[in-house]
Amino acid sequence: MLDTLLPILIFAALALAAVGAVRRIRLWRQGRPSPVPVLRGLATVPRRYLVDLHHVVARDKVMSNTHVATAGGFVAAMGLAIVVHGLGLAEGVLGWLLLAVSATMFAGSLFVARRRRDPPARLSKGPWMRLPKSLMAFSLGIFVVTLPAVGVLPADAGGWLVALVLAGVVAWGLAELVFGMTWGGPMKHAFAGALHLAFHRRPERFSTKKGSGGNRSTGLKALDLEDDQAPLGVETPSDFTWNQLLGFDACVQCGRCEAVCPAFAAGQPLNPKKLIQDMVVGMAGGSDAHYAGSPYPSPERGDQPVGEHQGSPHGPIVAPASTKDGKALVDAETLWSCTTCRACVEECPMMIEHVDAIVDMRRHLTLEEGATPGKGAEVIDNLIATDNPGGFDPGGRLNWAADLELPLMADVERAEVLLWLGDGVFDMRNQRTLRALVKVLRAAGVDFAVLGNEERDSGDVARRLGDEATFQSLARRNIATLSQYRFDCIVTCDPHSFHVLKNEYGAFYPEGQESGYPVWHHSTFINQLIEAGRLRLAPGQAARVTYHDPCYLGRYNGEYEAPRAVLQALGVELVEMQRSGYRSRCCGGGGGAPVTDIPGKQRIPDMRMGDVRETQAEQVVVGCPQCTAMFEGVVPSAGDEEVAVKDIAEMVAAALDTTPEAAPAPRDASTAQATEEVMS
Amino acid sequence: MQPESAMTPGLEVTVLVSVGRHPLTGRARRADQDARGVELARSFADAQVRLLHAGMRDESSEAALRGYLGMGFTELSLLEQPQGADVLPALAEALDATSPHLVITGERAERGEGSGLLPYLLAERLGWPLVSGLAAVESVEDGVATLLQALPRGQRRRLKVRLPAIVTVDDAAPAPRQSAYGPARRGAFEATAGPVSVDDEWAAWHVQPARQRPKRLKIVKAASARDRFKAAAAKAEGGSGQVLTDVTPTQGAEAILTLLREEDVLR
Ligand code: SF4
Ligand code: SF4
């Protein structure tokens with residue numbers, strides 16, 4: 001009886017899965033076109049899964065082994081079950097193999113069940129809670145029905161009742177695991193995830209056989225502004241490209257992104273996992289009532305209840321301002337809470353690109369609705385009128401350095417290093433960092449020059465606020481300025497400028513030209529100077545410090561080593577925060593978040609300063625003007641020691657060995673004097 | 001945004017918009033006061049709002065005018081005028097022809113003569129009433145508008161005005177909304193040629209950047225923080241003024257002249 005039932009069940013499940021797949025693919029195809037190499041993409045799946053995806057999953061050893069056993073076991077068991085039970089070819093080793101893999105899968109599903117017993121808050125509940133049972137049903141069912149096939153049990157063991165029960169168990173497993181995959185059950189992640197790996201919008205993120213392949217692709221994609229009639233940004237779910245929609249559908253609701261999101265922890269109305277799920281809801285049409293994970297926090301109500309929001313593929317994601325108190329799929333505050341720290345993207349095992357999606361939607365709000373919140377509109381207007389976000393006189397960019405006699409590119413036309421100062425020139429705190437950096441460069445005898453008043457804001461804030469037009473205008477004008485001069489590299493103490501110059505300007509060079517020069521963060525450059533023996537440091541600063549990795553230096557550009565090497569050369573004692581390196585927690589200063597200023601229960605910099613205090617360090621070393629400003633804005637609570645915030649350049653400048661025989665001869669008297677003042 | 005108020009449906013409003021000039025960089029932009037005027041007009045429910053600009057059309061002025069389109073308009077009427085022309089006749093004729101109920105404009109332009117006289121000359125020419133320093137339009141019923149005029153230090157005066165009328169706005173009016181890039185660049189200019197009257201006098205003028213005038217220092221002798229706060233919050237320059245009532249125009253003019261001499265404005 002099973003002999004007739006099983007092939008019917010298996011092939012029915014496969015047929016239903018095929019129908020579901022077509023329907024699911026139709027949902028994705030509602031998105032905008034985005035050409036991909038189909039066959040080559042599909043061919044990369046095993047490698048991208050086994051190497052790149054596993055690299056992320058393996059950060060949680062138990063889960064990674066569980067997944068290998070369960071998923072590997074399932075794929076093998078399903079393949080073999082088709083052959084053994086579907087086609088009835090149980091001869092020889094095949095049946096035994098099937099027994100082995102279904103047993104492995106069963107073992108894996110026990111671990112899945114164990115994790116689901118007392119699941120952490122970041123995991124979604126709902127249908128996900130039945131998944132371990134379904135996995136067991138499938139593996140156990142297949143195991144038992146295979147026993148007669150290999151001859152361990154007689155074919156008619158147990159009679160028709162047992163056979164019927166077994167068939168029911170197998171049917172349940174097949175329903176969840178095979179056609180549930182394409183009909184929107186928890187196993188959807190496997191189907192969508194595999195295709196998402198194949199057709200990922202950022203293929204550069206993945207390793208290749210030839211080697212690392214960079215594994216980093218963090219620059220935002222340019223928005224095409226050529227067609228002046230086209231609506232800009234993403235207004236409705238169908239305005240995403242189809243492979244972005246596919247990516248959202250791949251989410252396994254593991255909540256790793258939620259666990260690391262600083263905005264979520266601060267009680268701002270953002271949860272990256274919920275956001276991705278909302279996009280899935282929008283793509284399919286409906287309300288978010290079935291979402292079974294942590295909701296968006298709400299400063300007033302604690303949590304935003306689910307079921308209040310709904311969307312459709314061609315309906316707006318954010319309710320337009322004209323519909324008063326209107327709710328659509330997502331509230332605008334959710335999108336504006338993000339600091340673009342990329343912690344979520346770094347942790348996501350499904351390689352989903354949250355930041356791209358958020359910026360795409362912000363582009364619509366800013367460019368089409370004119371709805372940048374808080375001081376956002378003012379900052380953008382300033383950038384348009386004065387080329388800096390503070391609205392300062394662009395002719396005063398070098399006022400802070402009136403006594404330093406910095407060589408201007410306009411005069412010298414070529415230099416070893418172009419020192420990109422950034423908008424910190426208008427900020428008194430950052431001016432101290434810049435003076436320190438100049439002192440260090442002079443001590444090492446570096447031939448550098450600055451653009452002075454020819455420099456403009458890099459466009460970073462404008463772009464993260466969604467104003468691609470202003471970003472592109474700033475980028476093009478900066479590029480035109482840069483192309484007038486000859487230099488070997490650009491050095492900057494602002495990781496945001498660093499990222500934009502290094503990773504985002506490339507797309508805006510006029511045809512036939514390219515950037516063709518390296519860009520270094522000052523920590524990297526100073527480390528090079530130390531390694532080359534160009535800096536003499538007086539060791540013995542007996543300080544206990546901790547180092548905060550800026551998001552735009554670390555996760556965006558992978559530079560974790562150089563600042564630590566510099567600190568080591570200084571001889572200070574470095575204590576790491578619990579969340580450091582690629583897991584560093586954002587200071588709250590990125591993505592225009594301080595400008596849009598969405599309220600939460602607490603402030604992100606306060607939380608990060610709490611991390612700093614845990615280490616009992618006397619100083620926190622930073623490498624970013626934003627981080628400096630955010631940390632110095634933290635008011636210590638009563639009884640807490642004040643923790644000094646120092647830029648790495650200031651640390652190095654203070655440690656310079658200025659004894660006469662050690663110092664390279666200053667080039668002229670004014671230089672020596674200028675550097676004196678930086679000491680204080 | 002303004003609270004929606006009782007409005008006669010189909011109220012026709014024309015906002016006169018000019019090309020502004022950023023005070024630090026001199027870049028062309030939407031003029032701040034005019035943009036406030038547009039914002040005011042946008043707050044009327046069911047009004048038909050038309051943007052009108054008279055002036056030269058070139059790349060930079062077009063970019064600046066698009067700033068108004070980005071506040072949610074699909075078109076802007078443009079009376080093309082050569083550089084240095086007196087736009088008064090063209091505007092008067094255009095307003096006469098379209099006869100809107102309400103004309104809103106900024107107090108003074110950010111470039112050109114910037115005397116702030118245009119609204120008054122226009123009102124004189126059209127024979128319409130003019131209200132300056134508008135903070136809000138409360139309602140329009142049966143051809144009469146109830147307006148809220150801004151006075152110094154946050155005071156408001158309620159006025160009733162028979163339409164058609166010209167109103168001007170200054171910094172007391174609500175701040176303009178953000179100009180969105182997409183609608184701004186999709187918006188269209190509907191250009192018409194108006195009568196041109198060349199301003200010979202203006203052409204002969206010599207224009208140079210203003211020198212910053214010395215500021216009278218406010219010397220505060222305060223012993224406590226409370227005194228300092230009171231001094232900072234006190235009315236500016238109270239006490240030394242004089243109120244002239246029932247004087248002849250000549251007497252009034254003489255009083256003004258004397259003051260200007262005292263202040264070294266005239267020597
Ligand atoms: S980028 Fe950072 S702030 Fe934004 S959603 Fe991801 S984790 Fe949260
Ligand atoms: S978006 Fe990625 S990290 Fe977040 S829940 Fe989904 S799969 Fe997990």
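This note walks through a predicted model of two chains, point by point.

1. **Ground rules.** Residues are numbered from 1 along each chain as its sequence is written, and chains are lettered from A, with ligands numbered from 1, in the order in which they are written. Because this is a predicted model, local features need pLDDT of at least 70 and side-chain atom pairs count only at pLDDT 80 or more, while totals for chains, interfaces and linings use all residues; side-chain values use heavy atoms, leaving out hydrogens and water.

2. An unreviewed UniProt entry gives "transmembrane region" for residues 6–22, 68–87, 93–113, 134–153 and 159–179 of chain A. UniProt positions are given in the numbering used here, feature names are shortened, and annotations may be inferred rather than shown by experiment. Have a look at two of these stretches: residues 68–87 of chain A are 95% helix and 0% strand, with end C-alpha atoms 27 Å apart. Residues 93–113 of chain A are 100% helix and 0% strand, and there the end C-alpha atoms are 30 Å apart. Helices (H or I, at least four residues) and strands (E, at least two) are DSSP runs, numbered from the N terminus.

3. **A perpendicular pair.** Next, find helix 2 (residues 38–57) and helix 7 (residues 188–198) of chain A, whose axes come within 7 Å and cross at roughly 105°. Axes are lines fitted to C-alpha atoms, for helices over the stretch in contact, and angles run from 0 to 180 degrees between N-to-C directions. The two helices of chain A are therefore roughly perpendicular to each other (under 35 degrees counts as roughly parallel, over 145 as roughly antiparallel, 65 to 115 as roughly perpendicular and the rest as oblique). Their contact residues divide into eight nonpolar, two polar and one charged. Here Ala, Val, Leu, Ile, Met, Phe, Trp, Tyr, Cys and Pro count as nonpolar, Asp, Glu, Lys and Arg as charged, and the others, Gly among them, as polar.

4. In chain A, the axes of helix 22 (residues 561–570) and helix 26 (residues 648–655) come within 11 Å and cross at roughly 25°. That makes helix 22 of chain A roughly parallel to helix 26 of chain A. A:Pro563, A:Val566, A:Leu567 and A:Leu570 of helix 22 of chain A make the contact (heavy atoms within 4.5 Å) with A:Ile648, A:Met651, A:Val652 and A:Ala655 of helix 26 of chain A. What kinds of residues are in this contact of helix 22 with helix 26 of chain A? They divide into eight nonpolar, no polar and no charged.

5. **Where the chains meet.** On chain A, 28 residues are in contact with 13 residues of chain B. About 1,500 Å² is buried between chain A and chain B, with carbon and sulfur atoms giving 47% of that area. Buried area is the accessible area (1.4 Å probe) that two parts lose on being put together, summed over both. In chain A, A:Asp228, A:Glu368 and A:Ala385 lose the most area to chain B, together 26% of what that side buries.

6. **Two backbone details.** Most residues other than glycine have a negative phi, and most peptide bonds are trans. A:Gln616 has a positive phi, near 60°, and lies in the loop between helix 24 (604–614) and strand 11 (619–622) of chain A. In chain B, the peptide bond from B:Leu163 to B:Pro164 is cis, with omega near 0°. B:Pro164 sits in the loop between strand 11 (156–162) and strand 12 (165–169) of chain B.
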